[in-house]
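User: I have a protein model open and want to learn how to read it. Where do we begin?
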Amino acid sequence: MADGELRGNPASRGPRDGRDAEVVAGATGAAGDVQDAQESDAARRRRRAQFLRELHEAKQLRDRVQPRRARAARMRQQMRMRTFRW
């Protein structure tokens with residue numbers, strides 16, 4: 001199967017987070033809701049951490065590919081830090 005076919009067919013992918021499993025399982029009761037909220041919060045934190053790792057990696061790659069722009073950005077940041085008043 002080509003990548004385009006996988007993207008076009010959401011049924012071919014598994015559940016992305018706990019919300020899909022919750023609908024299938026039909027969780028009921030306050031204890032189940034609290035546990036689902038904690039799981040979704042943990043899943044959100046995992047997704048956020050993954051996003052921040054990828055963002056940091058992309059910034060490092062951009063700095064390596066465009067060293068002059070990265071140097072100018074560092075100089076601007078240093079100037080901002082020098083002129084900042086506590």
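Analyst: We begin with the surface. Accessible areas come from the Shrake-Rupley method with a 1.4 Å probe. Here the protein chain exposes about 8200 Å². Carbon and sulfur atoms supply 54% of that area. Keep in mind that this is a predicted model.

User: What share of the residues count as buried?
Analyst: Buried means under 20% relative accessible area. Of the 86 residues in the protein chain, 6% count as buried.

User: How many helices and strands does the protein chain have?
Analyst: The protein chain has 4 helices and 0 strands. Read from the N terminus, the order is α-α-α-α.

User: Which helix has the lowest mean pLDDT, and which the highest?
Analyst: pLDDT is the predictor's confidence in each residue, from 0 to 100. Helix α2, residues 18-25, has the lowest mean among the elements, at 50. Helix α4, residues 67-83, has the highest, at 91. The protein chain as a whole averages 76. Of its residues, 62% score at least 70.

User: Now charges. How should I think about a salt bridge?
Analyst: Side chains of opposite charge can pair when their charged atoms come close. This structure holds 2 salt bridges. In one, the side chains of D41 and R44 meet at 3.4 Å, N to O. In another, D41 meets R45 at 2.9 Å, N to O.

User: Why are D41 and R45 separated by about one helical turn?
Analyst: Because they are 4 residues apart in helix α3.

User: Why does R45 count as partly exposed?
Analyst: Partly exposed sits between the cut-offs: buried is under 20%, exposed is over 50%. R45 counts as partly exposed because its relative accessibility is 47%. R44 is also in that class, at 43%. D41 is partly exposed too, with a relative accessible area of 30%.

User: Which residues form a nonpolar patch on the surface?
Analyst: F51, L52 and L55 form it. Together they have about 270 Å² of accessible area. Take L55 as one case. L55 sits in helix α3, which spans residues 30-65. L55 is partly exposed, because its relative accessible area is 36%.

User: Let us end with A73. Where is A73 placed?
Analyst: A73 is in helix α4. A73 counts as partly exposed, since its relative accessibility is 32%.

Technical notes. Residues numbered from 1 in each chain as written. Predicted model: local features only at pLDDT ≥ 70, side-chain atom pairs only at ≥ 80, totals over all residues. Heavy atoms only, no water. Helix = DSSP H or I, 4+ residues; strand = E, 2+ residues; numbered from the N terminus. Buried < 20%, exposed > 50% of the residue type's maximum accessible area, 1.4 Å probe, protein only. Patch = residues over 30% accessible without salt bridge, like charges linked within 9 Å, V, L, I, M, F, W, Y side chains within 5 Å. Salt bridge = Lys/Arg side-chain N within 4 Å of Asp/Glu carboxyl O.
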